[in-house]
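Here are my notes on the side-chain contacts, written with the structure open. Have a look at the charged and aromatic pairs as you go through the points.

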Amino acid sequence: QVQLVESGGGLVQPGGSLRLSCSASGFPFSFNAMGWYRQTPGNQREMVATISPAYFTNYADSVKGRFTISRNNAESTVSLQMNNLKPDDTAIYYCRRIGPYNDWGQGTQVTVSS
């Protein structure tokens with residue numbers, strides 16, 4: 001059974017930082033691309049960052065230079081370091097197993113507000 005469990009969300013002031021983590025189980029983690037997505041009320045879920053099994057990364061233009069995705073295959077985790085956060089980054093952030101699957105975490109709320 002595939003499980004993706006996010007942690008690390010919270011409330012932060014503009015310009016601050018947060019680190020999200022996703023713990024994965026139930027599938028061969030090192031062979032799968034992983035990603036972080038986010039969603040705000042009334043909007044579609046959008047890609048934030050992805051990382052391939054070979055550690056190639058891809059970012060949404062809106063977060064380039066501020067967010068960094070990484071993975072630890074030994075621990076089956078994927079992380080998202082978010083720096084210089086802006087109010088527009090406020091959303092529920094989801095971890096996803098990328099591919100012909102419907103594997104998502106439950107989401108973690110990130111709120112950027114003064």
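1. Arg97 has a relative accessibility of 10%, so Arg97 counts as buried (buried means under 20% relative accessible area, exposed over 50%, partly exposed in between, with a 1.4 Å probe and protein chains only). Its salt-bridge partner is Asp103, with the closest N and O atoms 3.0 Å apart (a salt bridge being a side-chain nitrogen of Lys or Arg within 4 Å of a carboxyl oxygen of Asp or Glu). Asp103 is buried as well, at 16%.

2. A word on provenance: this is a predicted model, where local features need pLDDT of at least 70 and side-chain atom pairs count only at pLDDT 80 or more, while totals for chains, interfaces and linings use all residues. Residues are numbered from 1 along each chain as its sequence is written, and side-chain values use heavy atoms, with hydrogens and water left out.

3. How many salt bridges does a search of the whole structure find? It finds 5. One of them links Arg38 and Glu46 at 2.7 Å, N to O. Arg38 is buried at 6% relative accessibility, whereas Glu46 is partly exposed at 37%.

4. Asp89 and Arg66 form another salt bridge, with the closest N and O atoms 2.7 Å apart. Asp89 sits in the loop between β8 (77-82) and β9, and Arg66 in the loop between β6 (57-59) and β7 (67-72), so the pair ties together parts 23 residues apart in sequence (strands are DSSP runs of E, at least two residues, numbered from the N terminus). Both Asp89 and Arg66 are buried.

5. On to the rings: the whole-structure search gives 3 aromatic pairs (rings of Phe, Tyr and Trp, the last by its six-membered ring, pair if their centres lie within 6.5 Å; planes under 30 degrees apart are stacked, over 60 edge-to-face, the rest tilted). Phe27 and Phe29 make a tilted pair, because their planes are at 45°, with centres 6.3 Å apart. Phe27 and Phe29 are both buried.

6. Tyr94 and Trp104 pair edge-to-face, at 6.4 Å centre to centre and 90° between the planes. Tyr94 belongs to strand β9 (residues 91-97) and Trp104 to strand β10 (residues 103-104), so this pair ties together parts 10 residues apart in sequence. Tyr94 is buried at 10%, while Trp104 is partly exposed at 27%. Together with Tyr37, Tyr94 and Trp104 form one aromatic cluster.

7. Arg45 lies over Tyr94 at 3.7 Å from the ring centre, and Arg71 over Phe29 at 4.6 Å.

Note on methods: Helix = DSSP H or I, 4+ residues; strand = E, 2+ residues; numbered from the N terminus. Lys NZ or Arg CZ within 6 Å of the ring centre and 35° of its normal.
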